[in-house]
Protein chains: 2
Amino acid sequence: VTVQRAIARLVAEGLVETRPGAGNYLTARPEPEPADTSWQAAALGAARPSMDGGLGSGIRSVATDVIGLHTGYPSPELLPTRLLTLALHRATRDPEATLSTSPIAGLPDLRRFFADELSRACPGAVPVGEAQVLITSGGQNALSAALQGLTRPGDTVVMESPTFWGAIGAARAAGLRIAPVGTGPAGIDPGDLHDALTRHHAQVFYAQPTYANPTGVCWPDHVRADVHDVLRSRKAFMIEDDWARDLGLEASSPTPMAAADPDGHVIYIRSLTKSLSPAIRVAALVARGPAAQRITAGRWVADLYVSPLLQRTAIEAVRHPNWQRHLRLLRAGLTLRRDSLHAALTQHAPALTPAAPPDGGLSLWVRLPPGQDSTDVAARCLHAGLAVSPGQEWFPSEPDSQYLRLSYASTPAAQHEQAAHILQRICG
Amino acid sequence: VTVQRAIARLVAEGLVETRPGAGNYLTARPEPEPADTSWQAAALGAARPSMDGGLGSGIRSVATDVIGLHTGYPSPELLPTRLLTLALHRATRDPEATLSTSPIAGLPDLRRFFADELSRACPGAVPVGEAQVLITSGGQNALSAALQGLTRPGDTVVMESPTFWGAIGAARAAGLRIAPVGTGPAGIDPGDLHDALTRHHAQVFYAQPTYANPTGVCWPDHVRADVHDVLRSRKAFMIEDDWARDLGLEASSPTPMAAADPDGHVIYIRSLTKSLSPAIRVAALVARGPAAQRITAGRWVADLYVSPLLQRTAIEAVRHPNWQRHLRLLRAGLTLRRDSLHAALTQHAPALTPAAPPDGGLSLWVRLPPGQDSTDVAARCLHAGLAVSPGQEWFPSEPDSQYLRLSYASTPAAQHEQAAHILQRICG
């Protein structure tokens, strides 16, 4: 009712869009009526699946009075505001950062940071050189480049089911078929991976072994070892999307599989966007051997190079002594919110409470009671003032059950009780 | 001889890279020897043409003591340093710009700027709405998105020959065949375009009608009208890459074809990167009708969204009263350099002097005397301390003659005489 409801309707109709902390905008003046674009239907032909939407709800804006458990980014209170200001100040005073192009592969300092980080993660292994690091415009850009470099249209790529919607979209846009392997509380079954690679003549496997989005699952050591064996025996690549490297809630996170992979089976993706700022879109792709050249040679086609201003800002931030302090604060803040949302569900929506909250990431993955449809539930929640992500978005094929993804990172703990009440009312 | 020569050799061997104004860097520590990545050869399969390089020399770094007539960007003296500083200062104080995501289609203010600019270019036509504008990470990102949205692998795209190497690379990466149409002093022959679209069942034509890169050619009005007729009769799209919108040297530049195109045949690309700063990678793609949806739905796959920091900086710059003054200064500076390089060639390398210098853009397009090979000439020039771009890079198929592209925008006029002497010695 009232203004809130009116705005929600305008948002639903696409006429108004809201930005957190900045109020509501008219999305655009109404599009002028074109004279006749009907000829385009035949010229464009049928839409491919990738062109048919596929963008996850986690990236969408909602009205400011809606509780946003849908977004895939930590809220600004969890970000290193002062450190970012300092880094931006230094970067904007540097003519190299503000008036120049960047080398296609990225600024040497930033490449070295990512190389050193990965080398330190496994001291006994062959170290990673900065020549093996490619800087990209965030993780999505890296995984798009990796898929395009390692495959050709018509190939099959193996993915976890469920998995990140951005990977599903990138695979479809690259003209790939997706062969899903199910994932449970202990990750995938390496035998399933072996069979899928064999049956589909596939040579690329995309996965998030550490705090997967959306399930929060972290593969145990024996699964990682077995997967590495499968990759070797099938002569296959794995794209290890280590999206939550800075979002582990335990004192230490598992070693990336890419850290001990001398033969170059694992292509590693690691982004700073979630832990530094969504506005600083900077990530790294690490690859060994000819695969690195193949991916690098193809990447510039998408956008030539990453703004040196963003790269320099990232360098100034991660090199600052307070970066480690920020990561500790971020972990504490995320832990608080995770526990708060989990407790609120336990108390007010017991049927929706996951058995164990995840040890990393930004969200809870909640199974709906039988007979509920996640897209329908998400729509009803939004009407009631709560934005959640329907589980359907994360499945490359039919889902095994119906789920919601509830992000605890994007809202203060104070809102979690109300969110749990709404959920209980709608689908408890 | 001496240090300069030693550095040039290290650069040639890829061990050292130089950044203008920042001296020489070791490109990277030597890559650690991988244990065995030989299995990747079979896994990767044959390289596709797009994966085989194709990156233009205009983006490469050379030693600081080399005269750089190769780069595709104006040198920093021509950029609006103070205005950029101001814009960056404002953008970095805005939490919306530094701590948020951006809507996938871009910030409303920036979309409106591009919509209004295009609407003003043709007051009688149906105005462009901001809903028809998509913000991209520079022009390359826009043209990659347009090609991917409008075609599917195996399709043919028609292009001018010669044309921008980035478009050739993007087409190949999208799995497209390229049908070239030759371009002369008055642009393409619209009859050739009609025939190429018909023969190859092609529905997309990529072109730069205004100060084309590399030729500098600007299509006269009757060619534009005839091309529009061909597009209508063939029910085809044209991607109008208006890369030099801010780089016209005459008092006024031709109206973009997209400004009067109510039926949505022309997809318009317009970048700020060349006139604002190579570090602020922001461009717009304008499309009408379902084609806009098709392109928008596919674009996020490459990199989700453009940093709001870069978008806000661009808004602050182009909205500032001094922006128009900067464009006048830029035009004056480019005119001075164009005339200086043309005069130096006329005096010292008469055989290499183009008949008429272009009315816009950043470079002269120089035909080599018979028997010379442009790649060979470029290599010999680099040894002599002069970087130029071999014409071969701009041809989607065999070139009709051998050419060099000489950028006047990237070097002060004082270096042009020496450049002309080197050119005369090597290929005059």
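Two strands are taken to pair if DSSP finds at least two bridges between them, while helices (H or I, at least four residues) and strands (E, at least two) are DSSP runs numbered from the N terminus. The model is predicted, so to speak of local features takes a pLDDT of at least 70 and side-chain atom pairs count only at pLDDT 80 or more, whereas totals for chains, interfaces and linings use all residues. Residues are numbered from 1 along each chain as its sequence is written, chains are lettered from A and ligands numbered from 1 in the order in which they are written, and side-chain values use heavy atoms, with hydrogens and water left out.

In chain B, three strands make an open antiparallel sheet in the order E12-E15-E14. Its edges are E12 (363-367) and E14 (389-390), each of which pairs on one side only. Five bridges join E12(B) to E15 (residues 403-407) of chain B in the antiparallel sense, and B:Ser363 sits opposite B:Ser407 of E15(B). Helix H12 (residues 322-348) of chain B packs on this sheet and touches E12 and E15; contact here means heavy atoms within 4.5 Å. The direction of H12 makes about 25 degrees with that of E12(B), with axes fitted to C-alpha atoms (for helices, over the stretch in contact) and angles running from 0 to 180 degrees between N-to-C directions.

Next comes helix H9 of chain B. Buried means under 20% relative accessible area, exposed over 50% and partly exposed in between (1.4 Å probe, protein chains only). In H9(B), the buried residues are B:Val223, B:Arg224, B:Val227, B:His228, B:Val230 and B:Leu231. They cover an arc of only 160 degrees around the axis, which puts them on the same side of H9(B); the arc is that of the directions from the helix axis to the C-beta atoms. The face turned away from that side carries the exposed B:Asp221 and B:His222. Among the elements covering the buried residues are helix H8 (190-199) and strand E9 (237-241) of chain B. After H9(B) comes B:Lys235, with a positive phi near 50 degrees.

In chain A, A:Val230 lies in helix H9 (residues 221-234) and counts as buried because its relative accessibility is 9%. Beyond its neighbours within four places in sequence, A:Val230 contacts A:Pro190, A:Leu193, A:His194 and A:Leu197.

As for cysteines, the structure holds zero disulfides over all chains, a disulfide being a pair of cysteine sulfur atoms within 2.5 Å. The sulfur of A:Cys218 is 16 Å from the closest cysteine sulfur, in A:Cys122, so it is too far for a bond.
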